[in-house]
Amino acid sequence: PGPRSARLRGGRPGAPGPAGAMSGGSLFALLKRAVSRAADERAQELLPLTQAHDSHDPTAPHERRRTSIKTGEDKWDFVIVFPQDFRGKVDPREIRHFFAPRVCDEWERSDTAFWDKVYKGALTSQELQRAVREQIASILSGSRFGCRLGWALSVDSDEMFLLVRIDDLRIVAELADGMQFSARFSEQAYHLYGLIPPRVSKTFSRLIGWDTRECDRFIAYATHSRASAREFRAKTEGLFARAREEIKKVLRRSVPDHELVAKLAGDQTLRGPLMAVLVDRIDQRARGCPSLQRPSFTARASSCVASTFNAPDSEALRLEKLFEAIDVEYETAALTNRRRIQDFKEEDKLAARLDRWRPRTSPDGKLSGLQTLEQAELFDKFSSVQVLRIIYDWLSQHVNLEQLQSQGVIVKYFCMHDADDVDRLKRDWGSLNPKRMFSVWPGFYNDAVRDYFGEEVGFCFVFMTYYARFLVLPAVLGVGAFFCPEISIRGFGLPHAFCFGMNLWFAYLVSTFEQMQSLKTSLWGMDRFVQQAVRRMQYNEQDRGSNKEAAIRAVHWLAALCAVVEALVMPIFICELQAAMDDDKRGLADPVLHGLSIPRAMAQLMIDYGIAVNLQLVSTLWDFVSPLIAEYENWKTQQEFDDAQVQKTFLVYAVVYYYPFLYVSLIKGFLNKALELPVMETLTDRSDEKQWAEDRHVIQGNLHSYFVLLIVKTVATAIFQVCSAKYARRQEERHLKDGQRYAAHESEAKRPKYQGDNVDYMNCVIGIGLIVFFSPYCPLIAAVAFVVQFLGIRLMAYRMLHVVNRPVPSGQEGIGAWLDVLKSLSQTSSTVCMAIATFALQPLRSQPWSSQLLIFIIGQRTLHFLAAVIDAAVPPKSAELEIFLEHRTQSVRKILMGTKEVIRVEEGTRKIINGCMRDVLLEEPPNPLEASTSDDPNSRRMETLEAP
């Protein structure tokens with residue numbers, strides 16, 4: 001019985017019964033209200049914290065007031081979840097590990113009584129958690145961050161949510177300056193100086209019309225600087241004022257001044273504002289003249305202008321001539337655009353020129369093109385993913401959230417999903433609708449994925465979709481080989497073709513992806529991320545390069561080597577155990593191995609399942625031990641930490657997954673024949689075709705099982721996570737009061753945390769190795785892998801939107817260490833593929849050992865040479881990217897320096913250019929050390945000259 005049953009009986013909850021006694025339902029209602037009242041009182045304790053700075057001046061530029069936010073508001077950026085009743089056992093003195101040293105020092109100076117209790121160990125768990133909670137809120141809402149905070153209690157009162165949002169982008173710009181954030185220039189900054197950002201060449205999907213999106217523009221990135229932005233705004237206003245004044249000078253004269261027009265045409269700095277104002281004036285005249293609705297100012301149009309304004313030297317004609325004079329000189333320099341319009345009709349040529357110079361209107365249509373250009377900013381506005389990344393990077397420099405979560409002080413932290421962006425992405429990219437899945441290639445949304453999830457997730461999907469596209473060719477050939485398996489030339493059939501072909505295919509895949517990755521890295525502004533990445537809080541500068549750091553890293557590599565050796569030794573032990581059991585003809589005695597008697601039933605279980613169980617045991621143990629050691633390796637940035645972890649983990653997993661297949665295909669034959677034949681005889685001459693067929697059947701079955709189980713595991717994991725989140729939500733929805741709703745932040749808190757992309761990369765790379773190494777045994781496996789990869793991408797997209805929390809946006813330069821892993825795997829593939837073709841496939845496996853060894857060495861070196869040729873023919877940076885980088889360098893210099901000119905100043909030069917000494921820029925900054933050591937005054941650089 002409860003409040004609901006009381007309402008069904010016609011009474012109100014908690015009303016006394018007929019006899020004046022309390023009913024079961026009313027007692028339950030009173031207890032529930034008492035618990036709720038106690039939870040509300042605990043929540044009210046936090047209100048002074050959120051309202052502590054209401055007395056601050058709201059007009060202060062860098063101070064944000066802490067405000068108590070209503071629980072019903074769901075438009076938040078970042079959420080930190082605290083347990084309501086923390087009862088963990090944490091040493092109070094470990095509180096210094098939770099915050100940066102400078103934060104703890106300031107805290108200790110401001111609250112000595114609290115730190116006295118910390119050092120005495122007299123701090124309870126609840127006091128510790130409350131202090132941590134208040135300190136995090138103080139950091140986020142202080143003058144440095146200025147975030148808007150809100151507190152919310154869960155419906156069952158067991159968790160408390162700290163909700164974070166940034167409303168003032170000026171504070172984001174401040175933080176971006178402090179962390180040297182790489183920001184993207186605006187297109188208006190390019191147009192202001194008469195520059196046109198180049199477009200990336202069209203891909204095949206765009207050429208055939210499948211992908212209807214516009215090609216990306218290559219726009220430069222630079223370190224964000226508010227000072228540069230303010231200088232750019234002042235410079236923009238001055239340029240437009242000067243442009244209007246120069247146009248007035250020209251139009252004020254009845255006779256055109258050719259020298260003045262030539263001077264204006266030669267002023268590259270003024271070209272952008274001048275042409276924008278001219279086009280706007282011409283458009284205004286065209287709108288005022290019915291015969292000039294199409295802006296085609298040819299000779300015929302000029303006569304129309306003259307007749308309309310009744311004067312050959314009218315303003316419209318002079319505007320046209322001025323535009324023609326400046327644009328013609330620009331066309332002389334821009335040959336590409338001149339060639340593009342040379343096939344146009346005469347009346348359309350000038351219209352095309354006007355369209356090229358006409359500024360774009362604002363996205364909302366409220367501002368004209370000229371107004372948009374006049375209000376141009378140096379940098380684009382910060383996107384939501386950039387804001388989240390800046391918030392988290394700055395917060396991670398003050399608070400160690402990972403350490404707090406491992407100690408149980410906080411439950412979790414995550415970024416909130418944006419409902420509008422999720423709806424836009426799930427229509428095609430994250431949809432499991434078959435009609436949507438197969439109508440749009442998922443690679444078309446890589447830029448949108450990066451814009452919402454960040455570069456780390458974006459590069460993961462770039463690689464996954466690129467690899468899936470490359471699988472089309474081997475999948476088609478594999479299907480053909482499945483239906484025509486008997487094709488052969490002098491005994492060399494389709495298995496040999498797949499041995500050599502897949503090796504070269506893999507080399508070409510790695511080389512072309514590296515080239516495409518370089519392009520994406522530059523387009524996304526990540527080519528300098530390693531130098532600008534935020535330090536990990538665990539990094540200790542004093543231990544860098546020390547013996548302690550080297551010893552810990554050596555221990556990690558030693559642990560990886562031990563895992564590899566154990567995985568290699570176990571199959572040999574199983575083979576010896578099988579041989580010991582085969583020696584017993586009657587099959588009654590227990591096998592004895594190395595003096596150890598093993599029960600026969602246990603030995604048979606070990607033979608049947610020992611290898612598989614051992615591999616899973618090794619991988620599970622490594623996943624537990626490796627992160628513990630890695631935390632003490634003292635890596636500077638998170639990407640360095642992840643890259644080092646990837647290298648060791650892949651070494652272990654490569655042995656775990658590849659060794660059983662290599663054992664069946666190659667090693668087992670060597671071991672069986674090595675005990676029977678002399679060393680220089682036909683060591684791998686397996687005349688037993690039945691054994692060969694059995695080995696091939698085992699490899700085929702395990703290859704199919706790997707890919708099928710991979711997709712089944714992905715689906716099962718997603719279903720389990722979704723069901724778990726829904727079950728937890730329904731359990732809490734029972735505690736909802738009348739009129740109370742389940743908030744979005746609480747619903748997302750039930751989702752599991754995104755665990756990174758290393759598991760996805762690992763599954764994909766392991767699958768690539770299996771395809772390249774063992775496709776001769778099963779050519780159809782490439783088609784199976786393509787289907788699994790395509791479905792896996794769709795499931796990953798669905799998981800990112802509907803299953804897991806939105807990951808904290810993280811920058812990344814390409815796919816990191818996984819590219820090195822792919823290169824190493826590509827080099828290894830030449831050896832493995834040639835070994836299988838020589839020692840496992842007919843007709844070479846029946847040749848003498850000496851002939852096999854010679855053929856193997858020659859073939860392996862030939863494949864390695866061909867792979868090196870492919871790598872040299874496909875450079876890491878394409879010619880298109882090199883041109884873009886040169887254009888970017890010139891554009892950045894022109895946009896940031898404006899009217900200043902870079903020149904080389906000879907020693908002793910004191911020439912004044914344009915009457916101003918500060919306009920002279922050194923191409924190379926002066927070296928103060930050289931200037932101080934030289935006694936010759938002519939050899940010293942001028943200190944008054946500023947460097948670019």
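Buried, as used here, means under 20% relative accessible area, while exposed means over 50% and partly exposed lies in between, with a 1.4 Å probe and protein chains only. By that reading K648 is buried, and so is E633. The structure is a predicted model, in which local features need pLDDT of at least 70 and side-chain atom pairs count only at pLDDT 80 or more, whereas totals for chains, interfaces and linings use all residues. Residues are numbered from 1 along each chain as its sequence is written, and side-chain values use heavy atoms, with hydrogens and water left out.

**Salt bridges**

- A search of the whole structure finds 26 salt bridges, each being a side-chain nitrogen of Lys or Arg within 4 Å of a carboxyl oxygen of Asp or Glu.
- Helices (H or I, at least four residues) and strands (E, at least two) are DSSP runs numbered from the N terminus.
- The side chains of E402 and K753 form a salt bridge of 3.2 Å, N to O, which links helix α19 (residues 401-406), where E402 sits, with the loop between α31 (744-749) and α32 (758-774), where K753 sits, 351 residues apart. E402 is partly exposed at a relative accessible area of 40%, and K753 is partly exposed at 26%.
- K520 and D447 are joined by a salt bridge of 2.9 Å, N to O; because K520 lies in helix α25 (residues 494-523) and D447 in helix α22, the pair ties together parts that are 73 residues apart in sequence. K520 counts as buried at 13% relative accessibility, and D447 is buried with a relative accessible area of 15%.
- R389, D393, R450, D451 and E455 are linked in a network of salt bridges.

**Nonpolar cores**

- The largest nonpolar core has 115 residues, and those with the most contacts inside it are W429 and F774; a core is a set of buried Ala, Val, Leu, Ile, Met, Phe, Trp, Tyr and Cys residues joined through side-chain atoms within 4.5 Å.
- Helix α29 (residues 638-674) gives the most to this core, with 14 residues.
- Apart from this core lies another, of 55 residues, among them I80, V118, A137 and W394.

**Aromatic pairs**

- The structure holds 35 aromatic pairs, in which rings of Phe, Tyr and Trp (its six-membered ring) have centres within 6.5 Å, and planes under 30 degrees apart count as stacked, over 60 as edge-to-face and the rest as tilted.
- F82 and W151 form a tilted pair, at 6.3 Å centre to centre and 40° between the planes, with F82 in strand β1 (residues 78-83) and W151 in strand β2 (residues 148-153), 69 residues apart. F82 is buried with a relative accessible area of 0%, and W151 is buried with 12%.
- The rings of F99 and W107 have their centres 5.6 Å apart and their planes at 85°, so this pair is edge-to-face; F99 is buried at 2%, and W107 is buried at 7%.
- One aromatic cluster is formed by F463, Y466, Y467, F470, W505, Y508, F513, F650, Y761 and W818.
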